[in-house]
Amino acid sequence: MARPLRLEFPGALYHLTARGNARQPIFLDDTDRQQFLRLLSREIQQQQWRCYVYCLMGNHYHLVIETPEPNLSRGLRRLHGTYTQWFNRRHRRVGHVLQGRFKSLLVEKERYLLELCRYVVLNPVRAGMVTDAGDWEWSSYRATAGVQETPTWLDVPMVLSLFDISVATARAAYRHFVAEGTSAPSPWAEVTSQIYLGSPDFRERIESLLQGKPLANVPIAQTRPTRLSADDVLRQVAATYRLRVGELLDRSHRDAYQTAVYLLRRAANEPLQTVAIRFRISPSRISKIQQGIDSRPLSPEQTVLFERCKVKN
C-alpha cells in the first residue's frame with residue numbers, strides 16, 4: 001500500500017501520532033516524559049506552532065498542532081532525532097526509538113478541534129490505565145481544566161475559548177465535556193483517504209492543493225512570514241556587536257559568531273547544514289554551540305538580541 005501523502009501548508013491543523021519501534025515503549029519513566037516535553041516545547045517555539053492538546057502514553061504519543069508555517073516535517077524530524085539521541089544515551093542503547101514516519105491527519109479545525117480536545121486526553125482512560133482523565137499526569141487535561149499550571153507552550157486559552165469567554169465557566173464546561181466523552185463514538189470513523197478528518201468541502205479544498213491551487217479561507221496573516229529572515233538575524237547580531245556581517249561570518253569575534261549561529265537556528269529556523277556552510281564549520285560544532293549557550297547565562301549583547309528575536313533561552 002502506498003504511503004499517505006504528507007501535505008503541509010500555512011494554518012494546517014494536524015492530529016499527530018508516533019509509535020515506538022516494533023511497538024516498544026518510547027518512555028520508560030517520568031524522566032523520559034519530562035525530557036520529551038522539554039524538547040517539544042523548544043520545537044513549538046522554534047517552529048512557531050500552536051499546540052492545543054497532547055497526551056504521552058507508553059509506546060506512543062498524541063499531539064494536536066497548528067502550523068502557521070508549512071514546517072511540520074522539519075520540526076518533527078528534529079524532535080524525534082533529538083529525543084532518540086537523548087534516550088539512547090540515557091538508557092545505553094542504540095538504534096531507532098520511534099517507528100518509521102509519524103502519522104498525521106489533516107483536521108478541519110471548525111468541525112473537529114473540539115472533539116479532539118477530549119478524544120486525545122481520554123486515551124489513558126480508554127486504555128484502562130486510569131479511570132478519570134485528570135488522574136493521568138502526562139496529558140494537557142490537567143492544565144486545561146485548571147488543576148495545574150499551564151506551560152507557556154500549550155495554547156490553553158484557545159481551547160477554553162471554544163467553551164466560553166469566562167475562564168472559570170469554560171473550564172467547568174471543558175471538564176464536563178471530557179467526562180461525557182468516555183462513551184462518545186470515535187472520530188476516526190470519519191477519516192478518509194488515511195489523511196483527512198473533515199467534511200467533503202474540507203477534503204475538496206485540501207485536494208485543490210495537490211493540484212497546485214491556492215488554499216481558500218486561510219487568513220492572510222498566516223501566509224506572510226512571521227519570523228526574522230537569516231539576513232535579518234545576521235544584520236541584528238552584527239549591529240549589536242558593532243561588527244560588519246563579513247566579520248561575523250569570518251568568526252573573528254567568538255561570542256558574536258556563536259550568537260549568530262544560535263539565532264539562525266532558533267529565530268530564523270535555518271537548516272543545520274545551511275548554517276554549517278555559512279560559517280564553514282561542522283554540524284556537530286553547531287550543536288555544541290547551541291548546547292553551550294543553553295547551559296550558561298546570557299551576555300548583555302545576547303540578552304538584547306534574544307529579546308529582539310523573541311527567543312527564550
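# A walk through the predicted model

Asn 269 is buried, with a relative accessible area of 3%. This residue belongs to a predicted model, and its place is in the loop between α11 and α12. The backbone of Asn 269 has a positive phi of about 60°, although Asn 269 is not a glycine. Such a value is worth a remark because most residues other than glycine have a negative phi.

The loop that holds Asn 269 lies between α11 and α12, and these helices can be looked at next. Helix α11 covers residues 254–266, and its axis comes within 10 Å of the axis of α12. The two axes cross at roughly 155°. An angle over 145 degrees counts as roughly antiparallel, so α11 is roughly antiparallel to α12. The crossing of the two helices is right-handed.

Which residues in α11 and α12 meet? From α11 come Tyr 257, Ala 260, Val 261, Leu 264 and Arg 265, and from α12 come Leu 272, Val 275, Arg 278 and Phe 279. Sorted by class, the contact of α11 with α12 has 7 nonpolar residues, 2 charged residues and no polar ones.

Helix α12 spans residues 272–279 and includes Ile 277. Is Ile 277 buried or exposed? Its relative accessibility is 59%, so Ile 277 counts as exposed. The C-alpha atom of Ile 277 is separated by 13 Å from that of Arg 251, and the two residues are 26 apart along the chain.

Arg 251 sits in the loop between α10 (245–249) and α11. Here too the residue is not a glycine but has a positive phi, of about 65°. Arg 251 has a relative accessible area of 32% and is therefore partly exposed.

Helix α1 consists of residues 30–47 and helix α2 of residues 72–91. Their axes come within 10 Å and cross at roughly 155°. Because of this angle, α1 is roughly antiparallel to α2. The crossing in which α1 passes α2 is right-handed.

The contact between these two helices involves a list of residues on each side. In α1, they are Thr 31, Asp 32, Gln 35, Phe 36, Leu 39, Leu 40, Glu 43, Gln 46 and Gln 47. They meet Arg 74, Gly 75, Arg 78, Leu 79, Thr 82, Tyr 83, Trp 86, Phe 87, Arg 90 and His 91 in α2. By class, the contact of α1 with α2 comprises 7 nonpolar, 7 polar and 5 charged residues.

Some of these residues carry aromatic rings. A pair of aromatic rings is described by the distance of the centres and the angle of the planes. The model has a count of 12 aromatic pairs. One of them is formed by Phe 27 and Tyr 83, with 5.9 Å from centre to centre and 55° between the planes, and this pair is tilted. The pair links distant parts of the chain, since Phe 27 is in the loop between β1 (12–19) and α1, while Tyr 83 is in helix α2, 56 residues apart. Both Phe 27 and Tyr 83 are buried.

Tyr 83 also pairs with Trp 86. Their ring centres are 6.0 Å apart, the planes are 25° apart, and the pair is stacked. The two residues are 3 apart in helix α2, so about one helical turn separates them. With a relative accessible area of 1%, Tyr 83 is buried, and Trp 86 also counts as buried, at 16% relative accessibility. Ring pairs join Tyr 83 and Trp 86 with Phe 27, Phe 36, Tyr 61 and Phe 87 in a cluster.

Ser 140 is in the loop between α4 (123–126) and α5. It is buried, with a relative accessible area of 1%. Leaving out residues up to four places away in sequence, Ser 140 touches Tyr 52, Val 53, Tyr 54, Val 121 and Leu 154. The C-alpha atoms of Ser 140 and Ile 289 are separated by 32 Å, and the residues are 149 apart along the chain.

Helix α5 consists of residues 141–144, and Thr 144 lies in it. Thr 144 counts as buried, at 1% relative accessibility. Again leaving out residues up to four places away in sequence, Thr 144 touches Val 156, Val 159, Leu 160, Arg 171 and Tyr 174.

Terms used:
Residues are numbered from 1 along each chain as its sequence is written. This is a predicted model: local features need pLDDT of at least 70, side-chain atom pairs count only at pLDDT 80 or more; totals for chains, interfaces and linings use all residues. Side-chain values use heavy atoms; hydrogens and water are left out. Axes are lines fitted to C-alpha atoms, for helices over the stretch in contact, and angles run from 0 to 180 degrees between N-to-C directions. Helices (H or I, at least four residues) and strands (E, at least two) are DSSP runs, numbered from the N terminus. Angles under 35 degrees count as roughly parallel, over 145 as roughly antiparallel, 65 to 115 as roughly perpendicular and the rest as oblique. A crossing is left-handed if the near helix is turned anticlockwise from the far one by less than a right angle, and right-handed if clockwise. Contact means heavy atoms within 4.5 Å. Ala, Val, Leu, Ile, Met, Phe, Trp, Tyr, Cys and Pro count as nonpolar, Asp, Glu, Lys and Arg as charged, and the others, Gly among them, as polar. Rings of Phe, Tyr and Trp (its six-membered ring) pair if their centres lie within 6.5 Å; planes under 30 degrees apart count as stacked, over 60 as edge-to-face and the rest as tilted. Buried means under 20% relative accessible area, exposed over 50%, partly exposed in between (1.4 Å probe, protein chains only).
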